[in-house]
Amino acid sequence: MNVAASLAEVLPLQVVGDGAREWPGICGRPEAVVHPASPTEVADTMRWAAAHSIGVAVVASGRRFHGVRAAERPFLVMCTDRLTGTEIYEPADLTLTAKSGTRLATLAEELGAQKQWLPYDPPHVDERTLGGLVATGESGPLWMGYGELRNHVLGLTVVCGDGRVLKLGGRVVKNVAGFDLLKAVVGARGRLGVITSVCVRAFPRPSVDRVLVLRGDSVAALVAVGRQVGTAPTMPVSSVLVAPARAPSAGAALLVRLHGAEPTVDADQKTLERHCGVSFERATDAVGLLASARDHVADAEVELTLSVLPSRLGDALVAVRDVLGDVPFAADTYKGFARVAAGESDFEAASRLRARIEALGGALTARAADRGRDVASLGSRLPAAAAALTERLEAVFDPKGVLWPCRP
């Protein structure tokens with residue numbers, strides 16, 4: 001069957017592209033590439049795919065889409081690059097609804113005109129889309145001060161694997177009773193449906209955004225300070241440990257971020273320094289320093305992500321050094337989460353590292369930049385009860401199993 005020709009019978013010709021080329025992030029060639037411009041076109045595509053047993057791999061900006069194995073059956077790529085634009089923005093209510101393919105950089109400009117913003121800082125955030133961000137569920141270190149992204153997604157429009165269109169949540173904070181399906185979709189990485197529209201809560205932009213820096217060669221000492229930051233009587237909005245730190249220092253650095261009015265931030269800095277028993281320096285290039293820390297290991301050949309209890313973060317970073325050596329990393333000291341850069345030759349060693357991290361009660365997964373690299377052996381391993389619940393949810397949202405046919 002000629003997939004592109006068959007799709008052209010149910011979709012406008014301009015939304016169906018030639019799939020006879022490799023797609024970035026996928027080992028294998030899709031049969032076609034679809035660029036829907038509306039939920040209706042997404043639904044038509046999903047119904048067609050379910051009827052013809054064709055897999056669908058959904059791609060947003062592609063920034064966090066890589067290391068995916070070849071599909072075991074024919075598949076097409078659905079790109080959300082035409083699902084763009086703000087639908088409803090209510091500055092007084094601090095709510096914004098936009099199509100899923102809208103770039104976060106575009107939304108930042110629109111919100112900035114009203115002195116508002118979306119306080120999320122995962123890797124390459126400015127290049128990503130709103131739908132892609134929600135699909136991955138990545139909040140970034142700013143969750144410390146603002147909460148997780150999933151708590152601020154108020155509503156979603158989602159197209160299921162069989163073409164059903166669901167409108168979940170709404171445009172108010174409290175809009176659901178019982179099991180909240182919206183929370184299940186956030187962070188599901190596209191396994192439950194194609195997100196076409198998102199309503200998210202915005203926040204007032206702080207008048208002062210101060211970055212405090214503590215440099216040193218001892219990662220253990222900086223981890224200890226990071227733990228003290230988490231127990232201080234004042235709450236920063238993020239606390240990130242980076243190694244190696246950006247020049248002029250080649251060691252590690254702890255970056256602590258404070259938001260608020262200037263007198264409040266001044267008082268918070270003094271309280272923090274008194275509690276931790278250290279003196280922080282103020283970053284002169286806060287924007288550049290934060291961007292460098294945010295994207296520190298995001299383009300590594302193999303990116304490892306580990307999570308442990310915050311009290312075990314020091315032990316986890318010791319394990320990283322023991323197994324992989326002095327590799328670059330960026331760690332959220334409040335959450336006990338770290339992203340570690342590993343080379344392709346380190347992939348087998350990462351399996352040993354995983355055993356060390358699990359012995360600490362944590363978890364480790366891998367993401368490979370190489371399309372051909374099979375990362376299934378380092379994928380997430382859910383407890384039996386959680387895995388069973390996930391399978392049941394996927395069966396409800398995607399009964400034909402067409403979504404993400406080539407994900408590990």
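What is the volume of the second largest pocket?

1. The model is predicted. In this model, the second largest pocket has a volume of about 360 Å³.

2. The lining of this pocket comprises 19 residues. Those that lie nearest its centre are Val219, Ala243, Arg321, Asp326 and Phe329. By class, the lining divides into 12 nonpolar, 4 polar and 3 charged residues.

3. Two helices, α7 (219–230) and α10 (313–324), each supply at least two residues of the lining of the second largest pocket. The most is given by α10, with 5 residues.

4. Strand β4 (residues 75–79) is mostly covered, with 5 of its 5 residues buried. In a regular strand, side chains alternate between the two faces of the sheet. In β4, both faces are covered: Phe75, Val77 and Cys79 are buried on one side, and Leu76 and Met78 are buried on the other.

5. Strand β4 has parallel pairings with β2 (residues 32–34), over 2 bridges, and with β3 (residues 55–59), over 5 bridges. Within these pairings, Val33 has Val77 of β4 as its bridge partner, while Gly55 is partnered by Phe75 of β4. Both of these β4 residues, Val77 and Phe75, are buried.

6. Ser6 belongs to helix α1 (residues 3–7). Ser6 counts as buried because its relative accessibility is 14%, which is under the 20% cut-off. The side chain of Ser6 also forms a polar contact of 2.9 Å with the side chain of Trp48.

Terms used
Residues are numbered from 1 along each chain as its sequence is written. This is a predicted model: local features need pLDDT of at least 70, side-chain atom pairs count only at pLDDT 80 or more; totals for chains, interfaces and linings use all residues. Side-chain values use heavy atoms; hydrogens and water are left out. On a 1 Å grid over the protein atoms alone, a cavity is a set of points where a 1.4 Å probe fits but cannot get out, and a pocket is an open set with protein on both sides within 12 Å along at least five of seven lines; lining residues have an atom within 4 Å of a point. Grid points are joined across faces, edges and corners, and a volume is the space filled by probe spheres set on the points. Helices (H or I, at least four residues) and strands (E, at least two) are DSSP runs, numbered from the N terminus. Ala, Val, Leu, Ile, Met, Phe, Trp, Tyr, Cys and Pro count as nonpolar, Asp, Glu, Lys and Arg as charged, and the others, Gly among them, as polar. Buried means under 20% relative accessible area, exposed over 50%, partly exposed in between (1.4 Å probe, protein chains only). A polar contact is a pair of N or O atoms within 3.5 Å; within protein, one must be able to donate a hydrogen and the other to accept it, and residues adjacent in sequence count only if both atoms are side-chain atoms. Two strands pair if DSSP finds at least two bridges between them.
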